[in-house]
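Visitor: Hello! Could you walk me through this structure, one question at a time?

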Amino acid sequence: MATIFGGIHCMAWFFAFPTHQEQVLWRMSAVATTCTPWLGLNAYLVREIINSVQRLPNSAKHVIWVVICSAFAMLYIIARAVLLVLMFTTLRNLHPDAYKAALWTSLVPHL
């Protein structure tokens, strides 16, 4: 589900943003939101492979796994927060056509 959410935000890759920095932040956050679940899955698979090959103490495996999962969770949370903030801050610089009133009755053929 998170990958779909991030993919929807990646559709705005070539949209116009008020500044170049906001565009880069949007792109980085969208990619992070899209890829973080897959990175977590890959980390889990690598952990299982390492467990079958190497015998580390359970406490060391647990600490490493908690650090990796925490890093991915923080990456995802920060990326979502940046997307949320950027959604509202880009409203400050709308195209003038956004302020025009639409005459909806002219678009409905039977009215």
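Visitor: Is the crossing of H2 and H3 left-handed or right-handed?
Guide: Happy to start there, with the reminder that this is a predicted model. The two partners are helix H2, residues 20-53, and helix H3, residues 58-89. Their crossing is left-handed.

Visitor: Are H2 and H3 roughly parallel or roughly antiparallel to each other?
Guide: Two packed helices are described by the angle between their axes and the distance between the axes. For H2 and H3 the axes lie 8 Å apart, and the packing angle is about 160°. Angles over 145 degrees count as roughly antiparallel. H2 and H3 are therefore roughly antiparallel.

Visitor: How many residues of the contact of H2 with H3 are nonpolar?
Guide: Let's go through the classes in that contact. Four of its residues are charged and six are polar. The nonpolar residues number 17.

Visitor: And H1 with H2: is that crossing left-handed or right-handed?
Guide: Helix H1 covers residues 2-10, and H1 packs on H2 at about 160° with the axes 8 Å apart. H1 and H2 are therefore roughly antiparallel to each other. Their crossing is left-handed.

Visitor: How many charged residues are in the lining of the largest pocket?
Guide: The largest pocket holds about 220 Å³ of space. Its lining includes Phe 15, Phe 17, Pro 18, Trp 26 and Met 87, along with Thr 90 and Asn 93. By class, nine lining residues are nonpolar and two are polar, while the charged residues come to none: there are no charged residues.

Visitor: Which element gives the most to the lining of the second largest pocket?
Guide: About 170 Å³ of space lies in the second largest pocket. Of the 10 residues that line this pocket, the closest to its centre are Arg 47, Ile 50, Ile 64, Trp 65 and Ile 68. The elements giving two or more residues to the lining are H2 and H3. The one that gives the most, with five residues, is H2.

Visitor: How many charged residues does the lining of the second largest pocket have?
Guide: Sorting that lining by class gives seven nonpolar residues and one polar residue. The charged residues there number two.

Terms used:
Residues are numbered from 1 along each chain as its sequence is written. This is a predicted model: local features need pLDDT of at least 70, side-chain atom pairs count only at pLDDT 80 or more; totals for chains, interfaces and linings use all residues. Side-chain values use heavy atoms; hydrogens and water are left out. Axes are lines fitted to C-alpha atoms, for helices over the stretch in contact, and angles run from 0 to 180 degrees between N-to-C directions. Helices (H or I, at least four residues) and strands (E, at least two) are DSSP runs, numbered from the N terminus. Angles under 35 degrees count as roughly parallel, over 145 as roughly antiparallel, 65 to 115 as roughly perpendicular and the rest as oblique. A crossing is left-handed if the near helix is turned anticlockwise from the far one by less than a right angle, and right-handed if clockwise. Ala, Val, Leu, Ile, Met, Phe, Trp, Tyr, Cys and Pro count as nonpolar, Asp, Glu, Lys and Arg as charged, and the others, Gly among them, as polar. On a 1 Å grid over the protein atoms alone, a cavity is a set of points where a 1.4 Å probe fits but cannot get out, and a pocket is an open set with protein on both sides within 12 Å along at least five of seven lines; lining residues have an atom within 4 Å of a point. Grid points are joined across faces, edges and corners, and a volume is the space filled by probe spheres set on the points.
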